[in-house]
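The sequence and structure come below.

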2 protein chains.
Amino acid sequence: MLALLSFLLVLSTAPPSLCDRPPFRVIHLLRPQTGSSDGPNVHGLSCLSWRLAVETDNIRDWDTVPMECEAYVGNYMLGHQYRKDSAAVADEAIAYAKGLEVGRDGKDVWVFDIDETSLSNLPYYAKHGFGAEAYNSTSFNAWVLEGKQPALPETLRLYKEVLRLGIKVVFITGRTKDQTRVTGANLKNVGFHTWIKLILKGSSDSGKTAVVYKSERRTKLVESGYRIVGNIGDQWSDLLGTNTGNRTFKLPDPMYYIS
Amino acid sequence: MLALLSFLLVLSTAPPSLCDRPPFRVIHLLRPQTGSSDGPNVHGLSCLSWRLAVETDNIRDWDTVPMECEAYVGNYMLGHQYRKDSAAVADEAIAYAKGLEVGRDGKDVWVFDIDETSLSNLPYYAKHGFGAEAYNSTSFNAWVLEGKQPALPETLRLYKEVLRLGIKVVFITGRTKDQTRVTGANLKNVGFHTWIKLILKGSSDSGKTAVVYKSERRTKLVESGYRIVGNIGDQWSDLLGTNTGNRTFKLPDPMYYIS
């Protein structure tokens, strides 16, 4: 009884700093092989502030999630908030799409990024420190080649609505052309059944930043007569540059940064 | 003892949804005159997700804070997280500024917005629903004319560092020229002692969006030979448009939206 009372007391007076305290249970189940720091602060700042600064493009060109925030980011990604935050973006994008007057010429397109936008690498990152471990292209590409990425449910919801409204879908991804087959199959397997273009990096694109590569491909689309009415991605490099689209939508991603 | 144990138990297993639960004590002390909804959700979405979507420019052109989120926003603004989030932005801006090679010609400038960037209107908004009440220009302007706005401490910290590095300061604000004297006096009173330009809206600017007005003024600066090395504001309309500066910094502001 005393315990219940104090539990309710804590619930009703919980200070905001509680938000910085990740529960570690779920994460430890997923990756018992390594320890994870329980520090909610990085260089004296809360991981919550770090994440907001990342999402608003204030912190740029970062390599890995700060070690102190590994458990925090893991908790965010595996908990309810990542899904809720993604739903808020999808809701807004759908409301915007519904307000469009879609042309009858089939030239209105919506650009979708793939990784952490349409397909989720969370099963991979849950085993690799949620972005706190240095990126390993060998193991990551092996994971991609398995073709077992789940859909991001909120993006799939937007995708279906976009198609229903008569807007065409274009995927532009930083993946390379040798991954075309597995990427297309993975997309179809999880519900992204149709598109007019699936654009991957060619050999002439190697070394280009995502901003440059994606801007070039969007510009080609526009020069071909397409109108980019919407553009959604988890990286600012999906959404900045030229011909970004009439409106852009930024999905959350505190796990990695691509310039 | 039992109570202490269960308190610790709750602390260590607090679910993320706790973050949506605002404690109302502080807010009620400030505005006992009106009731405030305790719903952490708006149209089924968490207020935390609403705020993130606002800060990332996914939700645009909104008039007021959703009624359901008034207490949540109030709690955020009056609690520790607003300050922490602002500190993360200031830290990043200072690190960036320190890495600059400042020219000896005195032409490197940093653009500061004023309201909710350099000076805080929180004492006003705490009495007006933290943005949940419709904007009232009469009462707001009366408040501004009192000239009693406190400095935002994290921005003041950045300001001092910018000056120390030899970068000049330019203020560009959506306030109108009739407020020049009170604005300058207020800035000086709270620690912003010097600037090379304090730019306010003239009569020819009325009706222009903030993006257009601020872009025009920044362009004039650049045409006069100034180099905008940094630009900080609480609104995306401070940071988008033309000649935005070599790098922009977005401070949090969940209370209002200016296009």
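A disulfide is counted here when a pair of cysteine sulfur atoms lies within 2.5 Å. The model is predicted, and over all chains it holds two disulfides.

## Disulfide in chain A

The sulfur atoms of A:Cys47 and A:Cys69 are 2.2 Å apart, and the two residues form a disulfide. The torsion about the S-S bond is -85°, which gives the link of A:Cys47 and A:Cys69 a left-handed form. A:Cys47 belongs to helix α3 (residues 47-55) of chain A, while A:Cys69 is in the loop between α3 and α4 (70-78), so the bond ties together parts 22 residues apart in sequence.

Are these cysteines buried or exposed? A:Cys47 has 0% relative accessibility and counts as buried, because the cut-off for buried is under 20% relative accessible area. A:Cys69 is buried as well, with a relative accessible area of 0%.

## Disulfide in chain B

In chain B the disulfide is formed by B:Cys47 and B:Cys69, with their sulfur atoms 2.1 Å apart. Distant parts of the chain are linked by this pair: B:Cys47 lies in helix α3 (residues 47-55) of chain B and B:Cys69 in the loop between α3 and α4 (70-78), 22 residues apart.

What is the handedness of the disulfide of B:Cys47 and B:Cys69? Its S-S torsion is about -85°, so the disulfide is left-handed. Both B:Cys47 and B:Cys69 are buried.

Definitions and conventions: Residues numbered from 1 in each chain as written. Chains lettered and ligands numbered in written order. Predicted model: local features only at pLDDT ≥ 70, side-chain atom pairs only at ≥ 80, totals over all residues. Heavy atoms only, no water. Helix = DSSP H or I, 4+ residues; strand = E, 2+ residues; numbered from the N terminus. Buried < 20%, exposed > 50% of the residue type's maximum accessible area, 1.4 Å probe, protein only.
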